[in-house]
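Let me get the sequence and the model up before I jot anything down.

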Amino acid sequence: MNIQPLSLSDLETLGQLWRLQHVAYRLEAEIIGFQEIPPLMDSMETLRDCGESFYGCIHDDGELIGAVAVAEEEEDSLTITRMMVHPDHFRKGIAASLMTYVLEQHADLPRYIVSTGTLNQPAVNLYTKFGFTPVEVTQIAPGVELTTFHKNKL
């Protein structure tokens, strides 16, 4: 299992990422009770053109089993825009490995930002474990809240 940057111009990689994103985010949609999560609205074209940088966790058999996406929106912060792990590979440390990789690749930045459904306890636990603290809760639909977390370097 290794983590590496993903090229969305490679159609095979793009297809694997799109399929992974849909299976992973369908589960989050069920957990938080909201089906209109933006990643579930992506087509392969909108995913390819999203402008985010993706890193993937590749299984020994070549299958993409986890991925994280980031966007540098400001000079002083990095936003983790997507985190996904194939349900067949939950609880194997993949999300933690992806998070560690991203933080190491962007170690020069003073702030990291991530958001997740407030009811997505596995994601909340992951971000809290990595030192992220909740800074804002936004209602995105009736009964559906999104929590934004920040991690600041000292």
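Which residue in β7 stands opposite V114? I looked it up, and F149 is the one facing V114.

A note on the source: I'm working from a predicted model, where local features need pLDDT of at least 70, side-chain atom pairs count only at pLDDT 80 or more, and totals for chains, interfaces and linings use all residues. Residues are numbered from 1 along each chain as its sequence is written, and side-chain values use heavy atoms, with hydrogens and water left out.

Next, the strands (DSSP runs of E, at least two residues, numbered from the N terminus). I found β5 (residues 111-117) running antiparallel to β7 (residues 144-152), with 7 bridges joining them; strands count as paired if DSSP finds at least two bridges between them. On β6 (residues 133-141) I also found antiparallel pairing with β7, over 7 bridges. F149 turned up again here, as the bridge partner of P134. The hairpin of β6 and β7 has 2 residues between the strands, and G143 takes a positive phi near 80° there.

Then I checked two loops. R91 sits between β4 (77-85) and α4 (94-105); helices are DSSP runs of H or I, at least four residues. R91 isn't a glycine, yet I read a positive phi of about 60° for it.

Is R91 buried or exposed? R91 is exposed, because its relative accessible area is 85% (exposed is over 50%, buried under 20%, partly exposed in between, with a 1.4 Å probe and protein chains only).

D61 is in the loop between β2 (53-58) and β3 (64-74). At 55% relative accessibility, D61 counts as exposed too.
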